[in-house]
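Subject: Structure handover

Hi,

Here is the structure I promised to pass on to you. My notes on what turned up follow below it.

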Amino acid sequence: MEVKVKIVNKSKHPLPSYATALSAGMDLRANLAHTIEISPMSRVLIPTGLFIELPAGYEAQIRPRSGMALKKGVTVLNTPGTIDADYRGEICVILINLSSETVQIEDGERICQMVVAPHAVVGWEEAGTLSSTGRGEGGFGHTGGK
């Protein structure tokens, strides 16, 4: 199912696109005037030069790229980052360097993935009790064994 999303591209890079026909996410690229260095355990806000207008009922999630995490030890700090349908500012990505070495981010480098998906709007229904289940209140590893 294709969803039309308006986009303004103020970067010097092509529009995000899917790498394969069955990809869920599109890679976003850093839009930088110069190379950025991220020290170990430091975070930085990376601009993309992209601005979008999502339809009502949709969100865009910013997710890490597995290759960047494995090769450089860099991931998206607030993963997944959510872009709401009423946000009109530039998409910027918070990256964190979890490695023990300084990492460089180059202009045009693929820094994250963006997944656009529908979301529900919740209407709360206050109740005095909840239905019981086999799991009950068990959490944090409750359902798994070795």
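Four strands make up an open sheet in the order β2-β11-β6-β8, paired antiparallel; strands are DSSP runs of E with at least two residues, numbered from the N terminus, and two of them pair if DSSP finds at least two bridges between them. The edges are taken by β2 (26-29) and β8 (81-83), each with a single partner strand, so one side of each has no neighbour in the sheet. From one strand to the next, the twist averages 35 degrees (axes are lines fitted to C-alpha atoms, and angles run from 0 to 180 degrees between N-to-C directions). Within this sheet, β6 (residues 58-63) and β11 (residues 110-118) run antiparallel and are joined by six bridges. Ile62 has Met114 of β11 opposite it.

A word on the basis for all this. This is a predicted model, in which local features need pLDDT of at least 70 and side-chain atom pairs count only at pLDDT 80 or more, while totals for chains, interfaces and linings use all residues. Residues are numbered from 1 along each chain as its sequence is written, and side-chain values use heavy atoms, with hydrogens and water left out.

Now to the salt bridges (a side-chain nitrogen of Lys or Arg within 4 Å of a carboxyl oxygen of Asp or Glu). The count comes to six. One of them pairs Asp27 with Arg110, with 2.9 Å between the closest N and O atoms. Asp27 belongs to strand β2 and Arg110 to strand β11, so this pair ties together parts 83 residues apart in sequence. Asp27 is buried at 19% relative accessibility, whereas Arg110 is partly exposed at 35% (buried is under 20% relative accessible area, exposed over 50%, partly exposed in between, with a 1.4 Å probe and protein chains only).

Another salt bridge joins Glu53 and Arg88, whose closest N and O atoms are 3.9 Å apart. Here Glu53 sits in strand β5 (residues 50-53) and Arg88 in the loop between β8 and β9 (92-97), 35 residues apart. Glu53 is partly exposed at 34%, and Arg88 is partly exposed at 42%.

Lastly, Lys6 in strand β1 (residues 6-9). Lys6 is exposed, with a relative accessible area of 57%. Beyond its neighbours within four places in sequence, Lys6 is in contact (heavy atoms within 4.5 Å) with Phe51, Ile52 and Glu53.

Best wishes
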